[in-house]
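Subject: Structure for you to look at

Hello,

Here is the structure I said I would pass on. Please open it beside this email and follow along as you read.

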Amino acid sequence: MERKAMTAMYSLAHFFVDMCCAFMMMRFVRGGYGESFLLYNFCAFALQMPIGIILDKFGGGHRAAATGCGLIFLSYFGALGELLTPAAICAGVGNALFHAGGGVYVLDKYDSSGALGVFVSPGAIGLYLGVTSKNPCTKKKKSGKIEIRK
């Protein structure tokens, strides 16, 4: 596939990855599961550097990005149930794999940093939509507190 088309696909995937992860994280925050939120953030951000180093040495950016998308998809099954800690770990590792894998691909294919901006910018839109979307897994109590629907 042509590199511009692949960059567009990675950009679209970046939008959905960040939107899905933000949507799930809002469930954790609104539901009072701060530990899961922190665990997700640790996995999503602290693991990007070691994953990037491994990908720089051995390659496999496409596989890492695809695996990351799959892990995020799987994490929703845990988040819809009561497996919030495994869901947070799965989504965080998936997020790190996707970002490192997609970034490695874009950096390897282009000489300038403009394409990296094309890859990164849809993620910001996805984050915004994921945070501001109404989450069907949570509802407000009359007291103003939010509870998780079971």
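This is a predicted model: local features need pLDDT of at least 70, side-chain atom pairs count only at pLDDT 80 or more; totals for chains, interfaces and linings use all residues.

Helix 1 and helix 4

Two packed helices are described by the angle between their axes and the distance between those axes. Helix 4 covers residues 61–80, and helix 1 packs with it at an angle of about 25°, the axes being 11 Å apart. Angles under 35 degrees count as roughly parallel, so helix 1 is roughly parallel to helix 4. The crossing of these two helices is left-handed. On the side of helix 1, the residues that meet helix 4 are M6, Y10, V17, C20, C21, F23, M24 and R27. Their partners in helix 4 are G61, H62, A65, C69, I72, S75, Y76, A79 and L80. Sorted by class, this contact has 13 nonpolar residues, 3 polar and 1 charged.

Helix 3 and helix 5

Helix 3 runs over residues 48–58, and its axis lies 9 Å from that of helix 5, at an angle of about 40°. Helix 3 and helix 5 are therefore oblique to each other. Helix 3 passes helix 5 in a right-handed crossing. From helix 3, the contact uses Q48, I51, G52, L55 and D56. From helix 5, it uses N95, A96, L97, H99, A100, G101 and V104. The classes here are 6 nonpolar, 5 polar and 1 charged.

Helix 5 and helix 6

Helix 5 (residues 84–109) also packs with helix 6 (residues 114–132): their axes come within 9 Å and cross at roughly 155°. Angles over 145 degrees count as roughly antiparallel, which means that helix 5 is roughly antiparallel to helix 6. This crossing is right-handed. Helix 5 makes the contact with F98, H99, G102, G103, V106 and L107, while helix 6 brings A115, L116 and F119. There are 6 nonpolar and 3 polar residues in this contact, and no charged ones.

The largest pocket

What is the volume of the largest pocket? It is about 180 Å³. The lining of this pocket consists of 13 residues, and those nearest its centre are A22, Y40, N41, F45 and L127. Helix 1 (3–30), helix 2 (34–46), helix 5 and helix 6 are the elements that each give two or more residues to the lining. Which of the elements gives the largest share? Helix 1 does, with 5 residues. By class, the lining has 9 nonpolar residues, 3 polar and 1 charged.

Regards

Terms used
Residues are numbered from 1 along each chain as its sequence is written. Side-chain values use heavy atoms; hydrogens and water are left out. Axes are lines fitted to C-alpha atoms, for helices over the stretch in contact, and angles run from 0 to 180 degrees between N-to-C directions. Helices (H or I, at least four residues) and strands (E, at least two) are DSSP runs, numbered from the N terminus. Angles under 35 degrees count as roughly parallel, over 145 as roughly antiparallel, 65 to 115 as roughly perpendicular and the rest as oblique. A crossing is left-handed if the near helix is turned anticlockwise from the far one by less than a right angle, and right-handed if clockwise. Contact means heavy atoms within 4.5 Å. Ala, Val, Leu, Ile, Met, Phe, Trp, Tyr, Cys and Pro count as nonpolar, Asp, Glu, Lys and Arg as charged, and the others, Gly among them, as polar. On a 1 Å grid over the protein atoms alone, a cavity is a set of points where a 1.4 Å probe fits but cannot get out, and a pocket is an open set with protein on both sides within 12 Å along at least five of seven lines; lining residues have an atom within 4 Å of a point. Grid points are joined across faces, edges and corners, and a volume is the space filled by probe spheres set on the points.
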